[in-house]
Amino acid sequence: MEFVTKNAPHLRRPNASVIRMMRDVVIALSPLVLFALVVHGLTALWILLVAVGSMVATEYIYYQIIDKMNGEKFKINNKSFTVYNFSVLVSGLIYGLILPDEIPLVVVAIGGVVGVFLAKLIFGGMGQNIFNIAAFARVFVTLSFGTALVYAENIDSVLGATPLGALSANLFDASVVESYSYWTMFSGIGLPGSLGETSALLILAGGLYLFLRKSFDIFVPLTYIGTVFLISLGVMFTQDLGIWYPLTHLLSGGLMFGAIYMATDPITIPTTRPGRIYFAFGLGILTFIIRFFGDLPEGVVFAILIMNMFVPAIDYHKWAQSKFTFRSVSIFAVVVLISVISILVGVHYVG
Amino acid sequence: MITKARKVADYKQLTKELPTLRYVDPERVYINLQSDRCKNYTIDVEKGDKVKLGQIMGERDGGFFKQPIYSTISGEVEGFTKKMHPSGIEVECVIIRNDFNDEYHENITDRPESVIEKMSKKEIVEVIRRTATVGLGGSGFPSYIKLDTDKDIHTVVINAVECEPYLSSDYRLIKDSPDEIFKGLKYIMQAVDAEKGVIAVKKTKTELIEVLEREIERYRNLNIRIAKLDDYYPQGWENETFKNALGIKIPAGTLPMEYGVLGFNVSTTSAIFEALKHNLPITKRHLTVNGDAINFPQNIRVRVGTCVKDLIKLSDGYKKDAKLIDLIVGGPMMGTSMPHDDVVVVPTTTSVLVFESQEFEEEPCVRCGSCIYSCPVEIQPVNIMNAFKRNDKKALEDLEVNKCIECGLCAYVCTSKIHLTDYMRKGKKLLG
């Protein structure tokens, strides 16, 4: 028997670990994976396998090389083995689920390798990355292999375009969207789109699970989705449109998925509660701007990458506060007001 | 997990309903001549001298205050030795062999209630100073300095929250002798001329509230109430208690006296009662022996100066299969780990905890923010850690690392099991 001395505190919270947090995300994603497999069949299976496999393999090989360079002996389960903590599995799954259904597998693999390597590993691995890995990989694929990304002709619909794609082409044309019922958009059954983004129902179920397990900060998706909803509601009133307009913004495209699984990745978002709310608000604004004014139908991944760059600024020690103060709330309110008004004015001129 | 997490599993059920064992007659006691606050001392007894219980043997010098050294036992001075003080430093101690007569010194006389009632603030403060009564919650700050405030005090708060896990000594004290608490509170209120008295206790401790509510009937003429506070850590931190019991927020860097509030721990209150009523210094205290590597956890009423080794023996020793032992004096969140069990019990020792040492594997920080959400002083532990790693003094200042009370909650809640509290200490040290 021996005595050891340690510094207080001598206790740690039970049931709190990185593995648990990451595993929860995998569990929350699993209904979406099943949904993708049911709807898209073998295509989805291959895309997901390649997406996850390329990312996991890249990380694994990278750390094997690092260990080799540090003079470690080769072991299957090497010293800096990181696959156990699920973080790369989460990135791979999210990456796979935001890919369209008709994409060459080689493109998926290239995106996965580049995504993990450039967005995660060269920054120093888990906890050090600045950009959301899945979003980075997806944007890399979009920008480099744009023509390869096609959404399959949908079984139920002759249009074959995602609701948002249709909306992007004809800004306020209700008839484009009318071909999808709200139930279709909510459940995702028969809706064209990326593998895992279509079923708002299952995404919300996963979000509920994460909320109950407290594995993410609920204020991020609430603020994000709320901002997009409020702005499109404003557009609805100023442009005299029906309720279909904000609902389409909410239920189609990657908003729900991005808000719940990607914008809540704690590594790439600010650390304080107010900071996270500013961040999510910025995401909402950017998503709407890209969707409406931009050339692309979808803005979520771009918004996430852009806001990721502002994280150090939001967290800067001169102004970052762990609680809302009267001053920060008033400044934030002014910013919200200005940005919403300028968007509505912009919409007025473009529309 | 990514949420405000302030519940700390309390493990008090291990000991709180166990009766208090009396262990007041050790073979020898070791009275510390130095402490973490007092480096210098003078000693008036020599080897072979006979001392009586409550006899002054010398004086500790803490710079801005002096405090007499009392014998807590009657017997013979056997010599001097070095022992571990619960603050983690080796101190000089005087050894007294017990003659088991408990012969009181002639100064130790009871004061009738009628005399105490007529005592002025100055006289009370003098008694408290002479009996070397200090804050027994763990601070060890001399109580007379607190009582001697020239600020106008309207409320006295008795802190019976005991928010550290595993500890049940204050719990037993209230259950065993609630009237001491009320009388002590009455004397304090008399001394500082306060109108209100508040006893703050966790609302989950229904047994205590029952005891206190029965006792309060006898003190109806005094304006005392029981504040039932939520069960979370660190509810027992003075400022947190005041905020929740009185609604008074005390900003960092100011003293509660400036807001007309004075706080005392329950054990201190009981010690103040003993000092005024019996003219007795702190000779005994309630103490919890607990933890997962001790055979028989229990509450002990123990003589000040007892060696911790004896208490461990009294609790049937360490568990056989425990290889590495983490012996903590104080609570598991803020207590100090000891390099061996040759430690003396001083008045501020609330507990002795014996844990099987557990290695917590640190993972990379995932910036989940639990530490920031949970911090009671609303600073940003993770960002302070990063600033410290960058050696960025300017950032440490902006992040107000000096506000940290080292309660240990940031390290407790950390998803990656990073020892953030250590980084806070290092950050403070870097700022100097």
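In which handedness of crossing does α5(A) pass α14(A)? I looked this up first, and I found that α5(A) passes α14(A) in a left-handed crossing (left-handed if the near helix is turned anticlockwise from the far one by less than a right angle, and right-handed if clockwise).

I noted that this is a predicted model, in which local features need pLDDT of at least 70 and side-chain atom pairs count only at pLDDT 80 or more, while totals for chains, interfaces and linings use all residues. Residues are numbered from 1 along each chain as its sequence is written, and chains are lettered from A and ligands numbered from 1 in the order in which they are written.

**Chain A, two helices**

I read that helix α5 (residues 133-144) and helix α14 (residues 300-314) of chain A pack at an angle of about 120°, with their axes 9 Å apart (axes are lines fitted to C-alpha atoms, for helices over the stretch in contact, and angles run from 0 to 180 degrees between N-to-C directions; helices are DSSP runs of H or I with at least four residues, strands runs of E with at least two, numbered from the N terminus). On the α5(A) side I listed A:A135, A:F136, A:R138 and A:V139, and on the α14(A) side A:V301, A:F302, A:I304 and A:L305 (contact: C-beta atoms, placed from the backbone, within 7 Å).

**Chain B, a sheet**

I then traced an open sheet of 4 strands in chain B, in the order β11-β10-β9-β12 with parallel pairing (two strands pair if DSSP finds at least two bridges between them). Because β11 (224-229) and β12 (261-265) of chain B stand at the edges with a single partner strand each, one side of each has no neighbour in the sheet. The twist averages 25° from one strand to the next.

I saw that β10 (residues 196-202) of chain B pairs with β11(B) over 6 bridges, and that B:K202 stands opposite B:L229. Helix α6 (residues 206-216) of chain B lies across β10 and β11 of chain B, at about 170° to β11(B).

Key. Contact = placed C-beta atoms within 7 Å.
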